[in-house]
Amino acid sequence: MTSRMIRIPVILLALLSIGLFACTKQETDTTSKEDSPTKKTVELAYVEWSSEVASTNVVKAVLQEKMGYQVKTIPVSAAAMWQSIASNDADGMVAAWLPTTHGHYLDELKDKLVDLGPNLVGTRIGLVVPAYVTIDSLEELNATAEKFDGRIIGIDPGAGLMSKTELALTEYGLDNFKLIEGSGATMTAALADAIKNEQWVVVTGWTPHWKFAAWDLKYLKDPKNVFGGEEVIHTIVRKGLQEEQPEVYAFLDKFNWSPEDMAAVMVWNEEEGADPYENAKRWINENPEKVAEWLK
């Protein structure tokens with residue numbers, strides 16, 4: 001699929017998602033900013049990927065529990081997340097996967113927002129299979145399509161990972177496969193069901209993710225480097241935040257943690273009855289030295 005063919009649905013999705021974002025924002029605005037008379041409310045956009053749920057709640061917990069701000073977290077699609085920062089509808093986000101997954105969003109919007117740089121290094125994306133699957137490369141997929149029922153289990157359609165998978169279908173000539181749209185939850189549910197029944201399954205994957213702690217998995221080799229190499233996650237904020245809320249800007253600029261930190265919170269969040277915000281509070285209470293560095 002050409003880049004133009006990819007961009008058109010992305011733009012349409014962004015427009016639809018902005019509408020959803022506006023509705024969500026209107027609903028959450030019923031909580032008055034007078035909740036904190038001396039400090040403005042901070043609004044954080046995020047995608048409901050398990051990694052971003054973990055990081056956004058940790059940032060929210062620090063802002064609320066350590067800095068006294070009220071924080072609204074707004075779940076949206078990846079396209080709407082970027083657009084909300086560029087249009088000043090949200091103050092920031094800590095979920096920009098670069099340079100590959102979200103690189104096209106940054107290229108289009110870089111003049112309308114502020115990139116504060118990496119908050120986590122050591123990530124990657126690609127296609128993932130259980131370790132018992134006996135192929136090791138994307139080049140071997142087509143010949144074994146029947147074993148995978150001709151499906152690659154994906155996530156939400158606005159995700160850069162989905163665009164890269166569409167590109168992989170073209171680059172590797174995977175004519176016997178169809179990319180299935182869904183969400184992070186439906187992807188892991190399909191993975192769990194296949195592993196339970198010892199069936200072959202291939203899913204879109206990224207690291208860090210709790211599924212690597214839950215099951216023995218492996219990335220398929222990508223000799224054409226469609227999914228790129230190692231990625232980093234950046235913090236992005238709206239223009240004007242530094243002047244209007246310098247304390248928030250300074251914290252977001254210093255926020256950084258490791259894949260192991262994020263994975264710990266993600267595993268807690270997968271426990272039955274888990275509350276991501278309570279787990280974020282637990283993590284910051286168990287890591288006071290790291291939090292103190294963010295607040296210097």
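## Helix H3 and the residue after it

Just after helix H3, Asn88 adopts a positive phi of about 65°. This value, like the others below, comes from a predicted model. In H3 itself, 8 of the 9 residues are buried, so the helix is largely enclosed by the rest of the structure. The buried positions are Ala78, Ala79, Ala80, Met81, Trp82, Ser84, Ile85 and Ala86.

## The chain as a whole

The protein chain contains 12 helices and 9 strands. It has 296 residues, of which 52% count as buried. Among contacts with a separation of 6 or more, 80% are accounted for by residues 24 or more positions apart.

## Aromatic pairs

A pair of aromatic rings is described by the distance of the centres and the angle of the planes. The structure holds 12 aromatic pairs. In one of them, the ring centres of Trp82 and Tyr105 are 6.0 Å apart and the planes stand at 25°, so the pair is stacked; the cut-off for stacking is an angle under 30 degrees. The pair links distant parts of the chain, with Trp82 in helix H3 (residues 78-86) and Tyr105 in helix H4 (residues 103-109), 23 residues apart. Trp82 and Tyr105 are both buried.

Phe255 and Trp294 form an edge-to-face pair, 4.9 Å centre to centre with 75° between the planes. Phe255 lies in the loop between helix H9 (246-254) and H10, while Trp294 is in helix H12, so the pair ties together parts that are 39 residues apart in sequence. Both of these residues, Phe255 and Trp294, are buried. They also belong to one aromatic cluster, formed by Phe251, Phe255, Trp257, Trp283 and Trp294.

Helix H10 covers residues 259-269, and its buried residues are Pro259, Asp261, Met262, Val265, Met266, Trp268 and Asn269. The elements that cover these buried residues include helix H2 (50-66), strand E4 (113-130), strand E9 (231-238), helix H11 (276-286) and helix H12 (288-294).

## Packing of H10 with H11

Two packed helices are described by the angle between their axes and the distance between the axes. For H10 and H11, the angle is about 140° and the axes are 9 Å apart. That makes H10 oblique to H11, since roughly antiparallel would require an angle over 145 degrees. The crossing of H10 past H11 is right-handed.

On the H10 side, the contact is made by Asp261, Val265, Trp268 and Asn269, and on the H11 side by Pro276, Asn279, Arg282, Trp283 and Glu286. Sorted by class, the H10 contact with H11 has 4 nonpolar, 2 polar and 3 charged residues. Trp283, a contributor from H11 to this contact, is also a member of the aromatic cluster that contains Phe255 and Trp294.

## Packing of H10 with H2

The axes of H2 and H10 cross at roughly 105° and come within 9 Å. H2 and H10 are therefore roughly perpendicular to each other, as the range for that description is 65 to 115 degrees. From H2, the contact involves Ser50, Ser51, Val53, Ala54, Ser55 and Val58; from H10, it involves Met262, Val265, Met266 and Asn269. By class, this contact of H2 with H10 has 6 nonpolar, 4 polar and no charged residues.

Val265 and Asn269 of H10 take part in the contact with H2 and also in the contact with H11. Both Val265 and Asn269 are listed among the buried residues of H10.

## Two loop residues

Leu174 lies in the loop between helix H5 (160-171) and strand E6 (178-180). With a relative accessible area of 3%, Leu174 is buried, because the limit for that class is under 20%. Apart from neighbours within four places in sequence, Leu174 is in contact with Leu138, Leu141, Asn142, Ala168 and Leu169. Of these, Leu141 is 33 residues away along the chain, and its C-alpha atom is separated from that of Leu174 by 7.3 Å.

Lys147 lies in the loop between E4 and strand E5 (151-153). Its relative accessibility is 53%, so Lys147 counts as exposed; the threshold for that class is over 50%. Lys147 and Val201 are 54 residues apart in sequence, and their C-alpha to C-alpha distance is 8.0 Å.

Definitions and conventions. Residues numbered from 1 in each chain as written. Predicted model: local features only at pLDDT ≥ 70, side-chain atom pairs only at ≥ 80, totals over all residues. Heavy atoms only, no water. Buried < 20%, exposed > 50% of the residue type's maximum accessible area, 1.4 Å probe, protein only. Helix = DSSP H or I, 4+ residues; strand = E, 2+ residues; numbered from the N terminus. Contact = heavy atoms within 4.5 Å. Axes fitted to C-alpha atoms, helices over the stretch in contact; angles between N-to-C directions. Parallel < 35°, antiparallel > 145°, perpendicular 65-115°, else oblique. Left-handed = near helix turned anticlockwise from the far one by under 90°. Nonpolar A, V, L, I, M, F, W, Y, C, P; charged D, E, K, R; others polar. Phe/Tyr/Trp six-rings, centres within 6.5 Å; stacked < 30°, edge-to-face > 60°.
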